[in-house]
Each structure stands twice: as C-alpha cells, then as structure tokens.
Amino acid sequence: MNLLLIFIGSVLINNFVLHYFLGICPFLGVSKKIKAAFSMGVAVTFVLVLTAVASWAINHWILIPYDLQYLQIVAFILVIASLVQFVEMFVRKTSPPLYQAMGIYLPLITVNCAIMGLALLASLKEYDFAETVVFGVGAGAGFTLAIVLMAAIREQLELADVPEAFKGAGIALVVAGIMALAFLGFSGMIK
Amino acid sequence: MTEILIPIVTMGALGLFFAVGLAFANKRFQVRVDPRLEKVAEALPQANCGGCGFPGCQALAEAMVNGKASAESCPVGGEEVARRIAEILGVEAGEIVAKIARVHCRGTLKAARPRGDYQGIPSCRAADLLGGNKECRYGCLGLGDCVRACPFEAMAMKEDGLPVVFENKCTGCGKCVEACPRNIMELRPAAQDVLVFCRSLDRGPIARKICDNACIACGICARDFPQAVIMENFLAWIVDDTKIPAERLSDLGKCPTGAIGRIERIR
C-alpha cells in the first residue's frame, strides 16, 4: 500500500515538473513534438530508475557508514554522471537502434536537476530500497506524463492565434503554469 | 585529522573506481567509425543547406561512404569538392555542370500591369493564393520568398520589383527554386547566358496587354534558331543554347518585347 501511495504521489501529486519544478529545461526544450517528448520521457525514466538504485547503494553502503552525508551532492553527481556515461557506451555498442532513438537525449539528462532531485529527495525521505525504486519509476512516469501533455498542447498551439508578445517561450511558460495549477487539484487525493 | 582524511580517501577512491571503470568500458565498448566518414564530412562545405536532399552535410557524408549517394551529390561544393571526395572514396567523379539560379521574369513594376493593391501577408506564397498582385498569372510576385530562402545571401530584391542573383555567391543549392510558387526561379548551367525571361502561357495578344516584356509567342526567335529555340504553349523555350553562335547573338534583338536575350551577369 505504501509503495502504491509513493507511486501515485510522485506521478500526480508531487509531480517532479509541475510540483517541484525540477527538469523544466527538457520540459520546455523537447516538448514541441509528441514523439520526441515521449522519447525524452522514456529516457528520463530510465535514468531516474538507474539513479535511484545507484544513489541508494552509495548512500547506504558508503556515505552513511562513514558519516559522510554532507558529501551527498558531490557523490551523487559523480555516480550519476559515470553511470550514464557507461550506459551510453554500453547501449551504443550493443544496440545501435536504441542508441539512435535515445542517444541524443541521454547526455542531456545526465546533468538534469530532476535526477539530482530524485537522489536527494529519496535520501531526505529515508526511503528503503524498494521505495526508492518505486519513487524513481513514479517520478519518471510523472515527467513523461507532463512532457507529453505539454507537447500535445504545444502542437495545438502552433495553429492558434497567439499574440505576438507571447509567442514561443512566453506562451509555453503560461501553459506550464496553468498545468501546474491543474495538477494542484490532485493534492487533496492523499491526506 | 581523520575527519578530513576519511572523506578525501572515500571520494578519491570512488572517483578512481569510476574513472578506471569508464576507461575500461571505453576500450571494451569502442565503436569503430569508418575513418573515411570524417574526411568526407570535412571536404563538404558544412553549410547544411540541404540542397543535396539529405538533412545536412553529415548525413550526406554518411550516405556517400555507404555508397547511397554519389561523390558529386553536393550541388554547392561543385567540381572541386566532388573531386576531393572521389579521391577519398577511391571512385571516379562523374562530370558535373555548375548550375546557377536564374530569374525567368522581366515583369518589373513598370512593365507589368498591376492587379489591385495587395496588402496581405508579405510572402509570395500567400499572395499567389489570392492570384497575385499583377494581371499576369505567371509572373514574379516580387515579395521576396526566394531572397529569404537563400542561405548564401546570393539574392536581393531590386527597386524595380524583381529579384537578382549574384553569380559569385550563388551555389546552385536550389532553395529559391523550391520557395518560388510560380517557378520563376530555375537552375541553369552557369555557362548558359541566353535565356527566355518569361513564364507566361497566355496567348500573345493577352500577354502583350498585361506586360510589356512578356513572350508573345510571335515565333521570330524560333524561326531564326530552329535548332536552339522551340515554341510551345505560347512560350519560347531554349532547348540547346550552344546552337546560337556568338556572331548571331544580335539577331535575338529582333524580339519585339525583349523576352529572350543574354542575361546581364551580376556579381
């Protein structure tokens, strides 16, 4: 039950993009086409889950035993960057089609704040291993949901008669704000 | 002392561990790229204009190395680039003729009769949907879609309402040809300088009424140079300009409207 709560919570209520405002950069940058947005969402989910596992391991096996939690940020950056690099090499060698599909997005995500946010939030909330993984999957699903919705809206916006001053980033930010307000409605779901 | 040693040692060890891991993975998972790819990409102009039909120079280079595109596929680079690439790939370069975009209309603001006063979106494509701003349905609309499409700044709008092509800057990429809704722009061999500056398929009397410089299909040029010019759909077409010898070029001056003639080379 607790795992389900964490999952739903991170998808809808504490959505990484629309509640924590993490990962806004790809959210605005890669949300012009639904297809590209979905690829981005999948890539982010993949890296989030990977990060959840790695950061939990580092935190519980190295940082906590040696009383080094104040080094969390540095350690997490190190682990995430190396892991993503490794995964990129691995995918490039073993599966060229997969590399073609998400190759461009992978390096972009490495230094994204949503990834860092996940690692820090999971350790702040003192989740155990299973909870951390579910939290990662939920955060990824929430990000995918938000970016695909955003892309769908922006595809329609292309056809709309937007005032000159609002075109481009302006209207995108307005839309993001309204979406965040809509998602605020979910906050009554879990007490 | 230990408070500072422990973090230094752990972080150092972590860093070292990942560094060694990545270095090992880099060797283990190395992907060999065709060394010719880099060389071919370097030889290309890197303008990424898409004139070859591929989405950029890198994509063309890949296609060339894979044998999906011939060495002379780059219209911008011309002979020089084609030769260098053929050398890298070890194939024979086919003969390519340098081409240049030409403006096939002389319907200046003065020569062509206007039709209403177009106040819409300042784009040829939009104006064409409404039938344009001139009585002639085949002439240049003069709103500069071609000039904006040119990635090499090789075109400009003249005051008389027609675009010009600067020959030394034009690479023959064909962007203006795509942009023009009325097919006024066309790629022609750079050496060819006799052109028909009209696209009007109107009958002579109508064409004469709506534009001073239109081809009125009188047929004088086709009679003078039967091997070089043919008359079709009320318009003269040059089929082989080499059949017009230099000493007889002045005969083209017989054209009553000046629709056929030598182009003024603008650099």
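Predicted model: local features only at pLDDT ≥ 70, side-chain atom pairs only at ≥ 80, totals over all residues.
**View 1**
Of the 191 residues of chain A, 34% count as buried, and among contacts in chain A between residues at least 6 apart in sequence, 80% join residues at least 24 apart. The pLDDT of chain A averages 86, with 97% of the residues scoring at least 70. Within chain A, confidence reaches its lowest mean, 71, in helix 5 (residues 96–102), whereas helix 8 has the highest, at 93.

**View 1. The largest nonpolar core, with 44 residues.**
The members that touch the most other members of this core are V44(A), I115(A), L118(A), F143(A) and I147(A). At least two residues of the core are supplied by each of helix 1 (2–13), helix 3 (34–63), helix 4, helix 7 (113–124), helix 8 (129–157) and helix 9 (169–184) of chain A, and the largest share, ten residues, comes from helix 3 of chain A. Apart from this core lies another one, of 43 residues, which includes L141(B), A214(B), F225(B) and A228(B).

**View 2. Surroundings of F143(A), a member of the largest nonpolar core.**
When its neighbours within four places in sequence are left aside, F143(A) is in contact with F16(A), V17(A), G23(A), G41(A), V44(A), T45(A) and A114(A). One of these partners, V44(A), is itself listed with F143(A) among the core residues that touch the most other members.

**View 3. The contact between chain A and chain B, seen from the residues that each contributes.**
Chain A gives 14 residues to this contact and chain B gives 13 residues. On the side of chain A that touches chain B, the largest share, ten residues, comes from helix 4 (residues 72–94) of chain A. Sorted by class, that side of chain A has ten nonpolar, two polar and two charged residues.

**View 4. Packing of helix 2 against helix 4 in chain B.**
Chain B has nine helices and eight strands, and buried residues make up 33% of its 267 residues. The axes of helix 2 (residues 35–43) of chain B and helix 4 (residues 78–89) of chain B come within 9 Å and cross at roughly 175 degrees; because angles over 145 degrees count as roughly antiparallel, helix 2 of chain B is roughly antiparallel to helix 4 of chain B. Helix 2 of chain B makes this contact through R36(B), K39(B), V40(B) and A43(B), while helix 4 of chain B contributes V81(B), R84(B), I85(B), I88(B) and L89(B). By class, the residues of the contact between these two helices of chain B divide into six nonpolar, no polar and three charged.

With 15 other C-beta atoms within 10 Å, F21(A) is partly exposed. E126(A) is exposed, with 9 other C-beta atoms within 10 Å.

Technical notes:
Residues numbered from 1 in each chain as written. Chains lettered and ligands numbered in written order. Contact = placed C-beta atoms within 7 Å. Helix = DSSP H or I, 4+ residues; strand = E, 2+ residues; numbered from the N terminus. Nonpolar A, V, L, I, M, F, W, Y, C, P; charged D, E, K, R; others polar. Core = buried A, V, L, I, M, F, W, Y, C linked by C-beta atoms within 7 Å. Buried ≥ 20, exposed ≤ 12 C-beta atoms within 10 Å, placed from the backbone. pLDDT = per-residue confidence, 0-100. Axes fitted to C-alpha atoms, helices over the stretch in contact; angles between N-to-C directions. Parallel < 35°, antiparallel > 145°, perpendicular 65-115°, else oblique.
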